[in-house]
Amino acid sequence: MIVVLKQNPNQTQLDYLINWLEGKNISIHTSVGDSHMILGLVGDTSKLDADLISALDIVESVKRVQEPYKNANRKFHPEETIIKVGDTQIGGGTLTLMAGPCSVETEEQMIAVAKAVKASGATMLRGGAFKPRTSPYAFQGLGAEGLRLLKLAKQETGLPIVTEIMEISQLPLFDDVDVIQVGTRNMQNFNLLKELGAQKKPVMIKRGMSATYEEWLMSAEYVMSQGNENVILCERGIRTYESYTRNTLDLSAIPVLKHLSHFPVIVDPSHATGKSSLVPPMAMAAVGGGADGLIIEVHNDPAKAWCDGPQSLNPVQFDKLSRKLIAMKDFMNSLED
């Protein structure tokens, strides 16, 4: 249920309404826009009398929400969520470029790539320390040592870190990580999502390889239900019958998610296509579709990468692409002015 308040509501009446709702075990999500305040009511609202609430002097309208995701719903939160990570902003008209190797390998490699992508316009550093792999015999990542190398690269460049967590027990190791990534295989690991919701660090949820939009948004709802509103959604391609590309990049997810929710939307053209030659055109298509950012795999020597070399760009290719992406975003923003 959504309660839209009139402009400048009487504070005494507002406090009374909130206390009355909380007395009925209703959680309240407050969203303050340019002209109105919206109360999003989460809980068993079936027994609430909408007409009784509508009759209050401070209430403009009351609407029931049918979708199962409440906090993640744009109806509850009409303003776009903008997430601040150090000096970097995700959402709100900016283009966030997250770049780095699929897997952290060595200190030399990590720092070299970090310096290269920063010089090319990247504002966040990605890198895998814990790697979920289809085969149990494939390289699983350096683990805690990988996180240490990411921290060194952050100290050298100042770039905030985004990297993937695999399970709850790893959370204490992520103190120096700026954005915690939930991978496609963990999108519906609800215990992990609730634990991440209990802290305030931004969480980027990659879409499950066969997940619907509603299932994806319900994963975000799990994080928000615990109090963490710093959620980012990442489209990384879904599994279809097409085998030429690694996955099928669903760019329609960008406008759909922006209609249904208030979260920033990031696109991963590297995992979606699995081919470095396809990363630039799909990255540009994502920006054209309104994406708030991209997460792109960059390796200093893709042919010798320990993981996912065929989909990685080298620093020169990333530099060329980033210039196009930044120019494209600037042009699109100029059309909106």
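Two strands count as paired if DSSP finds at least two bridges between them, where helices (H or I, at least four residues) and strands (E, at least two) are DSSP runs numbered from the N terminus. The model is predicted, so local features need pLDDT of at least 70 and side-chain atom pairs count only at pLDDT 80 or more, while totals for chains, interfaces and linings use all residues. Residues are numbered from 1 along each chain as its sequence is written, and side-chain values use heavy atoms, with hydrogens and water left out.

In strand pairing of this kind, Ile2 stands opposite Lys63 in strand 4, and 4 bridges join strand 1 (residues 2-5) to strand 4 in an antiparallel arrangement. Both strands belong to an open sheet of 4 strands, ordered 2-3-1-4 with antiparallel pairing. Because strand 2 (27-32) and strand 4 (59-63) each have a single partner strand, they stand at the edges, and one side of each is left without a neighbour in the sheet. Helix 1 (residues 11-22) lies across strands 1, 2, 3 and 4, running at about 10° to strand 3 (37-42); axes here are lines fitted to C-alpha atoms, for helices over the stretch in contact (heavy atoms within 4.5 Å), and angles run from 0 to 180 degrees between N-to-C directions.

The next topic is the nonpolar cores, each a set of buried Ala, Val, Leu, Ile, Met, Phe, Trp, Tyr and Cys residues joined through side-chain atoms within 4.5 Å, with buried meaning under 20% relative accessible area, exposed over 50%, and partly exposed in between (1.4 Å probe, protein chains only). The largest has 63 residues, and among those touching the most other members are Val117, Leu294 and Phe318. Helix 6 (residues 213-225) gives the most to this core, with 6 residues, whereas a second, separate core of 15 residues includes Val3, Leu39, Ile58 and Val62.

Charged side chains form 12 salt bridges, each defined by a side-chain nitrogen of Lys or Arg within 4 Å of a carboxyl oxygen of Asp or Glu. Arg126 pairs in this way with Glu297, their closest N and O atoms being 3.8 Å apart, and the pair links strand 8 (residues 124-126) to strand 14 (residues 293-297), 171 residues apart. Arg126 is buried at 4% relative accessible area, as is Glu297 at 0%. Asp319 and Arg323 also meet in a salt bridge (3.0 Å, N to O); they are separated by about one helical turn, because they lie 4 residues apart in helix 10 (residues 315-336).
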